[in-house]
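Please look over the structure shown here, and then read the notes on how its parts pack together.

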Amino acid sequence: MTDAFADQVALLARRSVVRTARQPANVVFPLVFPLLLLAVNSSGLRSATHLPGFPTDSYLAFALAVPFIQGALFATMNAGTDLARDIQTGFLNRLALTPMRSIALLAGQLGGVMVMTLIQAAVWIAAGLLLGVHFAAGPLGIVVLFVYALLIGLGFGALGAFLALRTGSGEAIQGLFPVFFVFLFISSMALPRNLIETDWFRTAATINPVSYLLEGVRSLIIIGWDPEALGLGFGIGAVLAAVALSLATMALHTRMERT
Amino acid sequence: MRTLYVAQGVAWRVLHNVFTNPSLLLPSLIFPLFFFTAFAGGLSGIARVPGFDYPPGYTAFQFVFVLLQSAAFGGVFTGFGIARDFESGFGRRLLLAAPHRTGIVLGYAAAALVRWAVTIGVVTVVALLVGMNVAGSGIDLVGLYTLGLIINVAAVLWATGVALRLRTMQAGPVMQMPVFLLLFFAPVYVPLALLQGWIHDVARVNPITRVLEAGRGFLAGTPTEVGLAFSVGGALVVLFSFWALRGLRSAEQAG
């Protein structure tokens, strides 16, 4: 990576962060809404821990994995909406007239998403610790959790960027939000897969990759070091990031050619 | 008579917009179905928690929550439409054209009711198709759907009051968040007796808990807290009627 390219990425990442920070709704909502749902669900479903075979006696510890994925979904929406706005306002067109490399735009945008992801992960972990969650994998597990959150944030952020580059419309990105939420709800979000009694739902949750992303986070919090859960979680996260980045890069080239 | 004429015109326009625009119609149909699927399907194991006692089963238990949720959010979605009308300038033209402006509020409320009737019709058919048990009699079911209707009216009046005061789509979270909190601070997943800690204390004083418990009682054929639930619903409608009409005055003063 040349110095010039690094400067371009740093500048655009800074722009992405500043733009997010200047819109309180883009900062507060992705932090408050998952915490609110965590509070409601962890209290409302506390009695689920009495089910035979439930893996922990703290539903809060079980549910703490959910904000990590919800935060990633918000990252998808924010990255996508911001990039779509750049297309709609003509920023991308003007960028094409400068010596700046187009790929720096993508890297910069994703850099901003990663900063937001780090802040979110720190908030979820701090909330868990304050509310008495014991992280079974210890301090090193918390470090791994940050790395894992960054990987998922990168994957979903790149997916949002790809959709923005393909559609060029912020409204289209917002319209896709419920679709992503379906993946979260039809997963092992609320109960472990082996305790889901409805057959078709258990099958759907087993096919759904989001279940494995959740179980990766959950394993570090309630089990400790579970190679299978971590391998599947990191594996799916890496595939998602690689595929989404490739698609976003191709879409960016197409978009810049059109420009 | 003039009020009803205005109400009919406003309701017809809202319904025409909603039923000819899939991006407005589908979310209000899909979201309740989605919540019903996710809660009744994904959480059915909760019915095995010691102390859970609801004879019709977990699907019926969640159906009542989804019924009330769709009623409340049907009202909020109509509030979004009002805000959109005022943001685009149509609302101001409506104020100028209507000989009796209370009809505007009535029209939006009537449209919300029809919209919810379609939504809950679809959700009910799906629930019956997936084998939901209904233990209540015909009279019980009338009570259940009437409770939903009351909540729908209360929610649309609340959202109308917000929309008429703020007159911008950015008011969406203000309309949505209190409704969301009231609904989810009730016994959504398990009966009140199985809730523990702060959520139990909050749910106990939450007025929606009474409505939810009464609705579940109707579906189970064992009506409970009926008078209290209807009183709560009625009080919400009266309170938010004043709120909506004061909002109308606020919109009139803004010109």
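In chain A, the axes of helix α1 (residues 3-21) and helix α6 (residues 102-130) come within 7 Å and cross at roughly 45°, where axes are lines fitted to C-alpha atoms, for helices over the stretch in contact, and angles run from 0 to 180 degrees between N-to-C directions. Helices are DSSP runs of H or I with at least four residues, numbered from the N terminus. This is a predicted model, in which local features need pLDDT of at least 70 and side-chain atom pairs count only at pLDDT 80 or more, while totals for chains, interfaces and linings use all residues. Residues are numbered from 1 along each chain as its sequence is written, and chains are lettered from A in the order in which they are written.

**Helix pair**

**Nonpolar core**
- The largest nonpolar core has 155 residues, and A:Ala158, A:Ala161, B:Tyr108 and B:Ala155 touch the most other members; such a core joins buried Ala, Val, Leu, Ile, Met, Phe, Trp, Tyr and Cys residues through C-beta atoms within 7 Å, buried meaning 20 or more other C-beta atoms within 10 Å of a residue's own.
- Helix α3 (residues 58-87) of chain B contributes the largest share of this core, 17 residues.

**Chain contact**
- Chain B gives 22 residues to the contact and chain A gives 20.
- α2(B) gives the most to the side of chain B that touches chain A, with 5 residues.

Technical notes: A residue is buried if 20 or more other C-beta atoms lie within 10 Å of its own, exposed if 12 or fewer, and partly exposed in between; C-beta atoms are placed from the backbone. Helices (H or I, at least four residues) and strands (E, at least two) are DSSP runs, numbered from the N terminus. Two residues are in contact if their C-beta atoms, placed from the backbone, lie within 7 Å.
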